[in-house]
Amino acid sequence: MLSIKSEYSQMTPELLAELITRHKGIVMGRLQKLHDAYANDYRIFHMQPKEAWKPDNRLAVNFAKYITDTFNGFFCGIPIKTSSDDEKIDGYIQLLDHYNGMDENNVELSKMADIYGLANEMYYIDEEGNIGETYVSPMQSFLVTDDSILERPMYFIRYYRDSENVERGSWSDAQVVQHFVNKGGYRWEDEPKIHGFDGVPAVEFKENEEATSIYESVLNLIDGYNKALSEKANDVDAFADAYMKVTGVKLDKDEVVRIRDDRLINLYSDDPDDGSGDLDAQFLQKPSSDETQENLIERLQKLIFQISMVADISDENFAGSASGVALKYKLQPMSNLAQDKELKFRAAMNRRYRLIFSNPISMAQGVRADDWLKVDYQFTRNYPQNILDEAQTAAQLEGVVSKETQLSVLSIVDDPKKEIDRMREEEDEAVSRPTASEQAIFPNVSADVMNGLNNEER
């Protein structure tokens with residue numbers, strides 16, 4: 001996100017060029033490094049090469065991807081549920097979600113926020129006249145706000161390179177959207193078009209208040225781990241290619257000219273009385289630092305997960321806690337991160353539906369502009385589940401809380417409202433079905449007739 005003075009209310013090619021240049025500086029200075037880490041492109045691969053005769057292994061463990069995917073699965077591995085008590089609003093939300101594939105959209109927004117610290121979602125009217133939503137990488141888009149304490153959105157800018165390597169894009173403000181191209185300078189490709197949303201048609205989804213990546217604080221530790229692991233591999237190669245020491249005899253010059261390539265050391269003396277005339281040949285062994293290296297690697301790995309606050313679920317000791325309560329204690333730091341992120345996502349999703357419901361296309365579906373206040377969100381942490389514990393807890397809540405709250409305890413119930421409806425349908429079927437004794441007394445009477453007789457008796 002960039003900020004400018006509020007008097008820059010008129011977009012010009014000059015202002016556009018300035019803003020994109022500033023954003024490209026952020027991309028190259030920070031975002032590209034975060035992107036490269038997730039893509040397993042670490043500093044170890046760009047270090048100065050060693051001499052040709054030295055082992056030069058370049059090994060990298062992609063902790064950035066592991067941390068991101070683990071936390072993202074924990075945060076929204078179970079899809080975020082968006083609903084409303086108003087059936088008309090709920091139906092329209094479901095239509096939007098299915099049309100735009102919102103489950104996938106939310107997962108990608110969350111993953112982008114993990115990687116870069118924030119992700120952008122933009123809204124538009126597609127060719128079929130429907131409202132579209134899509135996520136956009138913060139490496140190719142940014143929101144511009146004013147420099148007030150309220151940080152009011154002023155512009156949303158997206159840019160990219162087409163198949164001919166020409167930079168193109170679009171900018172939007174609270175009323176219009178316009179496309180541009182950069183061919184020796186920025187210029188407009190079309191006239192501004194009214195987009196119909198009551199505000200800049202884009203929303204930032206933040207990871208946290210500081211908009212920092214989930215692994216940004218441990219990048220230096222990951223680089224240290226990769227370097228230590230690579231040096232350990234170099235030591236293994238060095239031991240495999242140990243030098244041979246030959247003493248007591250003088251070798252020809254031609255035999256030692258390639259001492260580095262052949263790994264051969266020749267020690268001799270021209271004085272036959274100095275005691276070095278005995279022939280000896282053996283391999284030189286470098287002092288082992290295996291224990292020190294292992295301690296360093298183990299310490300770095302623990303620090304990476306400790307500082308990032310994401311659990312190492314592949315750890316052998318992690319699965320030692322069988323109970324769900326014990327596992328939740330181990331996942332508490334990651335749960336705290338998820339709680340902070342959930343608050344940011346709730347605020348962003350409120351802005352999402354506030355913009356969407358303000359569009360005339362939404363209003364034509366019977367939705368009012370302020371109906372976003374009636375939208376609810378359910379975030380479910382992807383904990384290892386113990387169905388027996390959940391069932392016992394749900395049974396103890398009978399009569400204490402509503403049926404919907406009682407069913408929400410069960411992870412196997414995706415939608416408590418629909419589950420209640422199914423339970424009612426089963427009860428109605430059970431009431432209308434003849435009992436076993438009635439069917440035995442009147443075996444030739446159909447169930448419909450029997451049900452009619454029961455209704456008359458009632």
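This is a predicted model: local features need pLDDT of at least 70, side-chain atom pairs count only at pLDDT 80 or more; totals for chains, interfaces and linings use all residues.
## The three-stranded sheet

Three strands make up an open sheet, ordered β4-β3-β11. Their pairing is antiparallel. The edges belong to β4 (131-136) and β11 (202-206). Each has a single partner strand, so one side of each has no neighbour in the sheet. From one strand to the next, the twist averages 25°.

Five bridges join β3 (residues 118-125) to β11.

## The largest pocket

The largest pocket holds about 880 Å³ of space. Its lining counts 29 residues. Closest to the centre are Lys-81, Thr-82, Ser-83, Gln-94 and Asp-415.

Several elements supply at least two lining residues each, among them β2 (81-84), α4 (102-116) and α14 (416-432). Helix α3 gives the most, with five residues. By class, the lining has 13 charged, nine polar and seven nonpolar residues.

## The second largest pocket

About 700 Å³ of space lies in the second largest pocket. Here 24 residues form the lining. Glu-151, Pro-153, Val-203, Ala-347 and Arg-351 lie nearest the centre.

The largest share, seven residues, comes from α10. This lining has twelve nonpolar, eight charged and four polar residues.

Technical notes:
Residues are numbered from 1 along each chain as its sequence is written. Side-chain values use heavy atoms; hydrogens and water are left out. Two strands pair if DSSP finds at least two bridges between them. Helices (H or I, at least four residues) and strands (E, at least two) are DSSP runs, numbered from the N terminus. Axes are lines fitted to C-alpha atoms, for helices over the stretch in contact, and angles run from 0 to 180 degrees between N-to-C directions. On a 1 Å grid over the protein atoms alone, a cavity is a set of points where a 1.4 Å probe fits but cannot get out, and a pocket is an open set with protein on both sides within 12 Å along at least five of seven lines; lining residues have an atom within 4 Å of a point. Grid points are joined across faces, edges and corners, and a volume is the space filled by probe spheres set on the points. Ala, Val, Leu, Ile, Met, Phe, Trp, Tyr, Cys and Pro count as nonpolar, Asp, Glu, Lys and Arg as charged, and the others, Gly among them, as polar.
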